[in-house]
Amino acid sequence: MATVISSIGLKGMEGYRVQVEVQLIPGVEGICIVGLPDASVKESKDRVMAALHSNECGIPEKRIIINLSPAEQKKNSPIFDLAMAIGIMKEAGEIKHAIPKDAAFLGVLSLDGSIKPVEGMLPAIVAAKKEGFKTLYLPSMKDTPLSHIDGIEIRFVETLQEVIESFSGQLTTSIFTSSHTTEPPQVVTPSYDKDFKHILGHQKAKRALEIAAAGGHNVLMVGPPGCGKSLLAETFQSILPPLQQESSFDVMSIYQLAGVSNPNYQIPPYRDPHHSASAVSLIGGGANPKPGEVSLAHHGVLFLDEMAEFPKRTLDMLRQPLETSKVTISRAATTVTYPAQFILLAAMNPCPCGFLGSRYRYCTCTPKQILTYNNRVSGPIEDRIDILLELDTVVLDKESEQDNETSDEIRSRVIDARNIQYKRYDSETYNAIISNEQLTSYCQLTEEQKRMIQQWASKYNWSTRVQMKILRLARTISDLSGHETITNESIWEAVTMRRGSGGKAQRKTPVNG
């Protein structure tokens with residue numbers, strides 16, 4: 001009868017139970033791994049045998065068959081090494097004590113028998129909890145708050161010998177870390193490199209970014225070179241609320257899968273890929289699909305500077321994540337879905353030379369050049385942007401820091417508005433991402449307000465999606481003001497922010513001077 005040890009497999013961010021079945025049969029000495037293993041899993045047999053040899057485990061001279069069930073799922077991680085080793089030792093009689101039925105084993109083995117973490121440990125741990133495991137054996141990981149995951153006992157082990165001793169109760173309690181601790185996680189006050197207090201002028205832009213942060217709205221900033229678009233975007237992170245524990249785990253899981261470091265998981269991530277970035281690096285992909293920039297910006301900000309310089313095909317790939325807050329990557333071998341719920345900040349010049357409509361420089365672009373440049377951002381992409389913000393150069397001798405609010409002051413209002421939305425929708429969600437059904441249910445308009453929106457929509461040929469975005473913006477503005485219902489003033493401000501000074505249609509009209 002085969003020995004069965006439990007582990008966790010990963011398909012993108014989604015984890016599933018894997019039964020590692022081990023059986024010794026007569027035949028030529030060796031290991032055979034079946035169950036659609038990839039190269040990293042096939043190589044496990046050499047790592048496992050070397051680790052067992054280092055621990056002086058007596059393995060009978062028989063053929064070892066290891067089946068990774070379910071057999072139809074492709075296994076693409078060496079995370080099963082520990083489970084394989086435990087199964088072989090139990091089948092060979094090296095482990096005399098019973099192995100807990102509700103335990104799962106995660107980790108890759110070194111040749112000396114030590115246990116190391118692999119990419120994607122945190123999503124595997126979350127999946128183990130969902131699968132109903134009570135105990136989890138895994139290597140220690142730095143900067144990962146595993147001791148605060150409720151409902152599952154985490155047992156950190158460094159070597160195979162420690163795992164064997166734990167079955168007989170020989171280890172001291174210092175080896176184990178239980179998730180049932182009542183000690184609250186340490187809250188660290190986030191620190192930011194930039195502050196809105198030091199940005200001169202741009203009061204309208206700061207107000208728009210405050211609204212965007214409060215409701216999770218996308219923003220397109222258009223203005224001449226050097227007017228402050230990039231600086232505003234880089235400072236935007238400082239007014240976003242800190243991540244809740246569940247959101248922090250999501251971000252941590254994505255970064256572990258991508259193999260990317262993050263200095264602080266309490267701060268919403270900020271990603272700013274260069275306009276030469278490929279479609280795969282932006283959206284994600286590869287032979288074993290990895291998260292792209294849109295997923296690395298999950299629960300944070302994706303800033304596209306010089307948006308019109310990105311390839312049009314690459315920009316159009318943003319349609320799905322902007323609409324559904326997730327991205328699905330399909331390959332011949334597998335289909336993987338990663339979360340991609342982010343706030344899009346984009347910046348671009350009004351024309352190729354950058355000075356269309358400027359009061360200080362003359363535009364040298366032809367009407368055809370201006371039209372071609374603006375058409376690089378397609379209508380469907382602009383349709384998914386909530387706020388169209390037009391900036392101009394700030395006159396420094398007329399501006400001062402004294403009247404500027406700090407990022408802390410703005411962030412406190414953003415947090416209050418977010419809390420109102422969390423309470424209204426009974427979940428950690430906000431106005432920009434709720435469904436249209438929820439929006440119309442919670443945001444009732446008067447007949448006068450409906451006529452107001454219809455008149456503007458008719459004047460500017462707004463699609464139904466844009467009209468819904470006006471409603472979402474108005475709801476956020478009312479939340480910032482503390483009003484339970486949408487006010488006429490909030491609708492007017494939302495309309496103003498959406499149309500800018502005429503929107504894309506007007507920017508296509510060349511005005512020299």
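Start by selecting Asp386 and Asn218: the backbone nitrogen of Asn218 lies 3.1 Å from a polar atom of the Asp386 side chain. Such a polar contact is a pair of N or O atoms within 3.5 Å; within protein, one must be able to donate a hydrogen and the other to accept it, and residues adjacent in sequence count only if both atoms are side-chain atoms. The model is predicted, so local features need pLDDT of at least 70 and side-chain atom pairs count only at pLDDT 80 or more, while totals for chains, interfaces and linings use all residues. Residues are numbered from 1 along each chain as its sequence is written, and side-chain values use heavy atoms, with hydrogens and water left out.

**Stop 1: around Asp386**

Asp386 sits in the loop between helix H14 (379-383) and strand S19 (387-390); helices (H or I, at least four residues) and strands (E, at least two) are DSSP runs, numbered from the N terminus. Is Asp386 buried or exposed? Asp386 counts as buried because its relative accessibility is 2%. The classes are buried under 20% relative accessible area, exposed over 50% and partly exposed in between (1.4 Å probe, protein chains only).

Now show what touches Asp386, leaving aside neighbours within four places in sequence: His217, Asn218, Lys469, Leu473 and Arg498. Contact here means heavy atoms within 4.5 Å.

**Stop 2: His202**

Move to His202, in the loop between strand S10 (176-177) and helix H6 (203-215). Phi of His202 is near 55 degrees, a positive value in a residue other than glycine. With 13% relative accessibility, His202 counts as buried. The His202 side chain reaches the backbone oxygen of Cys227 at 2.6 Å. Not counting residues up to four places away in sequence, His202 touches Cys227, Gly228, Leu232, Leu391, Asp392 and Val394.

**Stop 3: Cys351**

Select Cys351, in the loop between strand S18 (343-348) and helix H13 (367-374). Cys351 is buried, at 0% relative accessible area. Which residues does Cys351 contact, leaving aside neighbours within four places in sequence? They are Leu356, Cys363, Cys365, Ile370 and Tyr373. Between Cys351 and Val222, 129 residues apart along the chain, the C-alpha separation is 9.5 Å.

**Stop 4: the nonpolar cores**

A nonpolar core is a set of buried Ala, Val, Leu, Ile, Met, Phe, Trp, Tyr and Cys residues joined through side-chain atoms within 4.5 Å. The largest one has 95 residues, and Ile66, Ile86, Phe105 and Leu318 have the most contacts inside it. Helix H3 (residues 81-91) gives this core its largest share, seven residues. Centre on Leu318 to see Leu282, Ile283, Val294, Leu302, Leu304 and Ile381, which Leu318 touches when residues up to four places away in sequence are not counted. Another core lies apart from the largest one; it has 52 residues, among them Leu209, Leu240, Tyr270 and Val414.

**Stop 5: the second largest pocket**

Select Val126, Lys130, Glu246, Phe249 and Asp250, which lie nearest the centre of the second largest pocket among its 20 lining residues. Strand S2 (14-25), helix H4 (121-130), helix H8 (245-258) and strand S17 (335-339) are the elements that give two or more residues to this lining. On a 1 Å grid over the protein atoms alone, a pocket is an open set of points where a 1.4 Å probe fits, with protein on both sides within 12 Å along at least five of seven lines; lining residues have an atom within 4 Å of a point.

**Stop 6: helix H5 and backbone details**

Colour helix H5 (residues 160-167) by burial: six of its eight residues are buried, so H5 is largely enclosed by the rest of the structure. Those six are Leu160, Glu162, Val163, Ile164, Ser166 and Phe167. Just after H5, Gly169 has a positive phi of about 75 degrees.

Next, select Ser69 and Pro70, joined by a cis peptide bond with omega of about 10 degrees. Pro70 is in the loop between strand S4 (63-69) and H3.

End at Leu36, in the loop between strand S3 (30-34) and helix H1 (39-42). Leu36 is not a glycine, yet its phi is positive, about 55 degrees. Its relative accessible area of 44% makes Leu36 partly exposed.
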